[in-house]
Amino acid sequence: MEISSIHNSIDLIKEKKISILELNQYFISKIKKNKNLNAFIHFDEENIYQQIKSLENSKTNNRLYGMPIAIKDLFCTRNMPTTAGSKILSKFNPPYESFVTNQLINQGSILIGKTNLDEFAMGSSTTTSFFGNTINPKSNNISLVPGGSSGGSAAAVSANLCLGATGTDTGGSIRQPASFCGVIGIKPTYGLCSRWGIIAFASSLDQAGIFANNVKDTAILIKEIAGYDKNDSTSVNIKIPDYYKNLNKDLNGKTIGIPIEYKIPGISDEINNMWEKAIKVFEKGGAKIKEISLPHTKYALPVYYIIAPAEASSNLARYDGVRYGFRSKNDSSLDEMYELTRSEGFGKEVKRRILIGTYVLSAGYYEAYYIKAQKVRNLISKDFKNAFEQCDFIVTPSTPSSAFPIGEKEDDPISMYINDIFTVPASLAGIPGISIPFGKTKDNLPLGLQILSNHFTEQTILDAAYYLESIHE
Amino acid sequence: MKIDKNTTIKIAKLSRLKLDNKEIDELSIELSTILDWVEQLNEVDTNNIEPLSNVSSAELPLRKDLEESQNNSENVLSNAPEKLENYFVVPKVVE
């Protein structure tokens, strides 16, 4: 029997057709058979059995009772090490639990392991991890990247090594790997999920989200990780709807925006054909199609590559070898200890971004780069505001290509950055986005469609994805 | 080139990163390329546009400014690479 969905597993457990021990053993054995994918940085069977035992003793019956969920190794977990994919945190055992993982634990989830990622979530391929790259389970003859930065989580869900996984998305780190691995990935509105206990990359952009195999599971999980938290000053105090119960695939009366600026020269026909086909499918469902304009789209990537490194350089200043993590053994003075610890502890891409960030924040350049980028960010945000006065949601491809071979684009930062061309604008505007598998390349690789809507209208994109999924099945 | 070797050395110092000569050469080129690329933002007219630092459309709640007492010293020190009693240990600063 193949088990691959949360909503079915919840029923199987309720009807006592399977125990939570059997359910988790099923996934433990699959993880062990798929070690070659390197989806997990930390996987400890003993720890899982302990979680199961204490859950069985607790006699609770919460919504996610016994559901095995994989956790991106950027979320602090009290009972598992947390590395951010970096040597500098290779010995870090958080003394506290992140808000999101705490919510999952309170709902009865089993945290089945910590998944691989690009170092400090900086990357689009999961190749910058100190713990080696993850292999995309959908690879044919050549090993392909799973996307990134949440590549381990996307691969784990894609290979059915768990029933769902957490991710974080700063410029596309959930939607892009979801697209590459053929699973669903949702980045909610900035502020819907608390960032407490998520290792910070770019604080004005970082947001937690979910990978799952189907829209129902996505809707269940996203509700459970959302909610107000006094420990995150940008966490928003709103009532979280039951997205799952509210799922509705009726598109009548909905208007879909198609942004003309997303028709970029050089994008493959396969991507454009997939996009056109999806638009037709939505039209068939009763939705009205409208061309819209997001005039500042082409500036989103340059804005992102000023703001994200600037915030990262500030956030990563804390790794100094004094209070936690790795410390260089070769120091002779305090200053040298800082420098050697950081030089030996950080990888190349992280150093590159710290340097860029430090430069654009330094005296004499702050106005010209950082403030300028924040001003253009405002224009990008206004573009979306105007667009949502004309349409209910926006449909675009998730990525400009399908998954690429491991090792490609490594030497050219900008060609790697362009992976996020369709996902970054929504991150800058703080709006929710989902990537749902739609279509395949001629080599049978998955493609993803991105659906975007206005702040705090996660239900809208989940409903649209639910419709698309129902047509596809 | 926007970033010459001396600038790279200066920002590496500010970032507390030690770079070898090969890294300085490579990074000077890479950083210059990235900065040239982001400078396309100068095409955009941003007169009378406010910088956006918080994207949230919702009102962010303020918490009460109340004192909270926690004794976390054991947790706080639990990951220290080197500690002595209740202190973090660093290389000697004063001779």
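The largest cavity is lined by 13 residues, and A:A121, A:G123, A:S173, A:Y304 and A:D420 lie nearest its centre. Welcome to this two-chain structure, a predicted model in which local features need pLDDT of at least 70, side-chain atom pairs count only at pLDDT 80 or more, and totals for chains, interfaces and linings use all residues. Residues are numbered from 1 along each chain as its sequence is written, chains are lettered from A in the order in which they are written, and side-chain values use heavy atoms, leaving out hydrogens and water.

**Spaces inside**

On a 1 Å grid over the protein atoms alone, a cavity is a set of points where a 1.4 Å probe fits but cannot get out, while a pocket is an open set with protein on both sides within 12 Å along at least five of seven lines; lining residues have an atom within 4 Å of a point. A volume is the space filled by probe spheres set on the points, which are joined across faces, edges and corners. Two cavities of 30 Å³ or more are present.

| Space | Volume | Lining by class |
|---|---|---|
| Largest pocket | about 820 Å³ | 12 nonpolar, seven polar, six charged |
| Largest cavity | about 50 Å³ | five nonpolar, six polar, two charged |
| Second largest cavity | about 30 Å³ | five nonpolar, no polar, one charged |

In these classes, Ala, Val, Leu, Ile, Met, Phe, Trp, Tyr, Cys and Pro are nonpolar, Asp, Glu, Lys and Arg are charged, and the others, Gly among them, are polar.

The largest pocket has 25 lining residues, with A:C76, A:Y96, A:W196, A:G197 and A:R318 nearest its centre. The second largest cavity is lined by A:Y305, A:P309, A:R353, A:I356, A:Y417 and B:I34. Helix 10 and helix 12 of chain A each supply at least two residues of that lining; helices here are DSSP runs (H or I, at least four residues), numbered from the N terminus.

**Where the chains meet**

Now to the interface. The contact (heavy atoms within 4.5 Å) takes 67 residues from chain A and 55 residues from chain B. Together the chains bury about 5400 Å², 67% of it on carbon and sulfur atoms; this is accessible area (1.4 Å probe) lost on being put together, summed over both. On the chain A side, A:E339, A:L355 and A:Y359 lose the most area to chain B, together 13% of what that side buries.

The interface also has 10 salt bridges, each a side-chain nitrogen of Lys or Arg within 4 Å of a carboxyl oxygen of Asp or Glu. One of them joins B:E82 and A:R327 (3.3 Å, N to O).

Note on methods: Buried area = accessible area lost by both parts, 1.4 Å probe.
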